[in-house]
Amino acid sequence: MKGIIFDFNGTLFWDSQLHYDAWRSFSEKLRGYPFTDDEMRKYMFGRTNKDIIEYCTGKTPSDDTVRRLAYEKESLYREQCLMDKEHFKLAPGAVEFLDWLVENNIPRTIATMSEWQNVEFYIKEFKLERWFDLDKIVYSNGKIKGKPDPEIYQIACSNLNLNPKDCIVIEDALSGLEAAYNANVGKIIAIASLESHSLYEPLSYVYQIIDDFYQFDKLLFNT
């Protein structure tokens, strides 16, 4: 393998529970009852805010509605991040692994369905420029299709000037793992940040399941 692409939410930053809580509240507000766990896995993680709102309401929302509800939800989410100081940090082993990637000049980037306001927040709070070329980060810009569409990973591979077959993707969401598979990524690794291994074990295209970045097999790269 020659390069690596990280999903961010639930992967480099273990914030899935915060998104669960925020979207459950919004689901109750929009349709009178919260998302179930199964709905969250299938229709929330890896999707655009527009996709989620459309599923929740059962109709295509206007751009103004998407902007208003997404702004409200994401503002609440960022406030929760800052309040939860104990958990507001990168995933176990992530800092050490990212430092190793830099030391070994291994191409790397982030491909996230977060919108720019959140990406900017992460860049500032986690000092992501220490490890990543910010211009190569792929995020939900209103044009990219949500996962499991392969587009986001195709763009990320292109930003690294690499063939998808030469790249590793690390993901936690089922839709994201499927997106990497649809993009013909060479090695797909699931990180069990919130879910159990049993969720990922039936997926034949998942090369490995890890619990944190200390378990990543560095021998996958030619260093």
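Reply: Here is a walk through the sheet, from its overall layout to its neighbours and a nearby loop. Keep in mind that this is a predicted model.

Let's begin with the layout. The sheet is open and has 6 strands, which run in the order E3-E2-E1-E4-E5-E6 with parallel pairing. At the edges you'll find strand E3 (138–140) and strand E6 (208–210); each has a single partner strand, so one side of each is left without a neighbour in the sheet. On average, neighbouring strands are turned by 20° against each other, if you ignore direction.

Now for strand E1, residues 3–6. On one side, E1 runs parallel to strand E2 (residues 108–115), and 3 bridges join the two. Within this pairing, Ile5 sits opposite Thr109 of E2. A helix comes in here too: H6, residues 116–126, packs on the sheet and touches both E2 and E3. The direction of H6 makes about 135° with that of E2.

E1 also pairs with E4, again in the parallel sense, this time over 4 bridges. Here Phe6 has Ile170 in E4 as its bridge partner.

Moving on, E4 pairs with strand E5 (residues 187–191) in the parallel sense over 4 bridges. Val169 finds its bridge partner in E5, namely Ile188. To get from E4 to E5, the chain passes through helix H8, residues 174–182, and this β-α-β crossover is right-handed.

Pro148 lies in the loop between E3 and helix H7 (151–159). Setting aside neighbours within four places in sequence, Pro148 is in contact with Arg47, Ser175, Glu178, Ala179 and Asn182. Pro148 and Leu203 are 55 residues apart in sequence, and their C-alpha atoms are 14 Å apart in space.

Conventions: Residues are numbered from 1 along each chain as its sequence is written. This is a predicted model: local features need pLDDT of at least 70, side-chain atom pairs count only at pLDDT 80 or more; totals for chains, interfaces and linings use all residues. Side-chain values use heavy atoms; hydrogens and water are left out. Two strands pair if DSSP finds at least two bridges between them. Axes are lines fitted to C-alpha atoms, for helices over the stretch in contact, and angles run from 0 to 180 degrees between N-to-C directions. Contact means heavy atoms within 4.5 Å. A crossover is right-handed if, with the strands pointing away from the viewer, the path from the first strand over the helix to the second runs clockwise.
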